[in-house]
Amino acid sequence: MKNIYKPFKVNIVKIEDHSSNVKLFRLQKTKGNFLVNEKGTVFNPGQFILISHFGYGEAPFGIASSPFETRYIDIVVRKAGCLTKAVHQLKTGNQIFMRGPYGHGFPVDFMAGKDVVMVTGGCGIPPIASLIEYIIEYRKKFGRTYLIYGARTPSDLLMKDNFKKWEKYIKVMLTVDKPDQEWKGHVGMVSSIISDIKIDPLDAVSAMCGPGPMMDALERILRPLGISDRRIFVNMERKMQCGVGKCQHCTVGEKYVCQDGPVFNFDEIDKSWD
Ligand SMILES: Cc1cc2nc3c(=O)[nH]c(=O)nc-3n(C[C@H](O)[C@H](O)[C@H](O)COP(=O)(O)OP(=O)(O)OC[C@H]3O[C@@H](n4cnc5c(N)ncnc54)[C@H](O)[C@@H]3O)c2cc1C
Ligand code: FES
């Protein structure tokens with residue numbers, strides 16, 4: 001029988017600094033490629049993996065690379081506590097353990113055919129990045145598509161090297177709280193963003209990843225755009241332990257983030273981010 005808890009070793013084949021406390025790690029299996037599921041993807045955009053480093057614990061991370069990429073998986077790690085500090089010390093050529101992918105991702109089949117507004121902040125970009133890669137692969141299946149990505153300062157925006165590619169397929173709208181002299185994008189989660197978004201609200205969906213300025217984005221952007229709560233999908237981050245619905249560490253109301261999420265319909269959750 002397959003052991004759902006069993007981690008396997010992966011090689012770190014690339015590390016990139018994305019900000020003062022965030023690094024991207026590219027992970028490859030020690031033998032062969034990652035397996036694809038019945039949908040032809042390695043994972044569903046929005047699913048997470050559990051990463052462990054011996055002696056430092058285990059934690060969930062969203063997957064930032066394309067779900068169609070079988071050679072590697074990218075994770076973007078913010079230095080927060082014990083595990084992530086230790087992971088930040090690792091070098092290319094070192095190994096760590098992973099298990100997964102777990103949970104339910106964004107409902108890409110439901111989202112197909114509709115306009116899409118993605119909203120995220122700071123370190124919430126990884127699952128949204130994999131959703132963008134999915135949309136790009138099936139570009140003709142999706143309607144008008146927007147990414148609104150906010151951060152505290154321009155240097156806190158992650159995955160900057162991807163923006164040029166993404167802009168060829170979708171509208172990328174960047175916003176920061178504290179601009180520097182070179183900044184040409186928006187400042188704050190400003191309502192003026194709305195006038196640049198052209199969607200059919202009755203046939204649009206939104207994908208969000210919190211925490212960050214999500215309630216603000218909801219009030220200032222998604223509600224005024226007329227996207228109903230039923231059509232807003234939120235990727236929730238909660239502390240986890242088992243990752244597979246056994247330990248009750250990750251509850252949101254009566255739901256488990258690891259099993260029922262991490263992506264929830266906005267109608268289903270308690271409407272607060274912590
Ligand atoms: C589905 C999911 C996807 C995630 N994806 C990413 C990702 O792509 N990149 C990334 O950097 N992190 C991600 N996280 C968060 C990451 O798992 C935590 O930061 C993790 O606890 C770090 O482990 P640590 O041992 O380094 O820090 P810990 O010692 O666990 O925590 C350090 C500090 O951060 C706080 N903290 C930890 N986790 C959370 C949380 N989920 N919400 C609020 N505060 C928290 C703790 O209370 C503590 O103060 C994700 C979490 C979930 C549930
Ligand atoms: S992490 Fe154990 S039940 Fe979700």
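**Strand 2, strand 3, strand 4 (57-62) and strand 5 (73-78) are among the elements that cover the buried residues of helix 1.** Helices (H or I, at least four residues) and strands (E, at least two) are DSSP runs numbered from the N terminus, and contact, the basis of this covering, means heavy atoms within 4.5 Å. In helix 1 (residues 82-89), the buried residues are Leu83, Thr84, Ala86, Val87 and His88. Buried means under 20% relative accessible area, exposed over 50%, and partly exposed in between (1.4 Å probe, protein chains only). The model is predicted: local features need pLDDT of at least 70, side-chain atom pairs count only at pLDDT 80 or more, and totals for chains, interfaces and linings use all residues. Residues are numbered from 1 along each chain as its sequence is written, chains are lettered from A and ligands numbered from 1 in the order in which they are written, and side-chain values use heavy atoms, with hydrogens and water left out.

Strand 2 has the highest confidence, at a mean of 98, and strand 13 (residues 251-252) the lowest, at 82.

**Phenylalanine 48 and tyrosine 102 form a tilted ring pair.** Rings of Phe, Tyr and Trp (its six-membered ring) pair if their centres lie within 6.5 Å; planes under 30 degrees apart count as stacked, over 60 as edge-to-face and the rest as tilted. By this rule there are eight aromatic pairs. The centres of phenylalanine 48 and tyrosine 102 are 6.0 Å apart and the planes stand at 55 degrees, so this pair is tilted. Distant parts of the chain are linked here, with phenylalanine 48 in strand 3 (residues 48-53) and tyrosine 102 in strand 6 (residues 95-102), 54 residues apart. Phenylalanine 48 counts as buried because its relative accessibility is 4%; tyrosine 102, at 11%, also counts as buried.

**Phenylalanine 163 and tryptophan 166 make a tilted aromatic pair.** Their ring centres are separated by 6.0 Å, with 45 degrees between the planes. Both residues belong to helix 4 (residues 163-167) and are three residues apart, about one turn of the helix. Phenylalanine 163 is buried, with a relative accessible area of 8%, and tryptophan 166 is buried at 0%.

One aromatic cluster consists of Phe68, Tyr134, Tyr138 and Phe142.

**The largest nonpolar core contains 36 residues.** Such a core is a set of buried Ala, Val, Leu, Ile, Met, Phe, Trp, Tyr and Cys residues joined through side-chain atoms within 4.5 Å. Met118, Ile128, Leu147 and Trp166 touch the most other members. Elements that each supply at least two residues include strand 7 (115-121), helix 3 (125-137) and strand 8 (145-151), and helix 3 gives the most, with eight residues. Not counting residues up to four places away in sequence, isoleucine 128 touches Phe106, Met118, Thr120, Leu147, Ala207, Met208 and Cys209. A second, separate core of 35 residues includes Met189, Ile194, Ile197 and Val234.

**The loop between strand 2 and strand 3 holds threonine 41 and lysine 39.** Threonine 41 is buried, at 2% relative accessibility, whereas lysine 39 is partly exposed, at 42%. Beyond four places in sequence, threonine 41 touches Leu35, Val36, Pro67, Phe68 and Tyr134, and lysine 39 is in contact with Asn44, Val108 and Asp109. A polar contact is a pair of N or O atoms within 3.5 Å; within protein, one must be able to donate a hydrogen and the other to accept it, and residues adjacent in sequence count only if both atoms are side-chain atoms. The side chains of lysine 39 and aspartate 109 are joined by one of 3.3 Å.

**Lysine 160 lies in the loop between strand 8 and helix 4.** The residue is partly exposed, with a relative accessible area of 37%. Apart from neighbours within four places in sequence, lysine 160 is in contact with His18, Pro154 and Ser155. A polar atom of its side chain lies 3.5 Å from the backbone oxygen of proline 154. Lysine 160 and histidine 18 are 142 residues apart in sequence, with a C-alpha to C-alpha distance of 7.9 Å.

Conventions:
pLDDT is the predictor's confidence in each residue, from 0 to 100.
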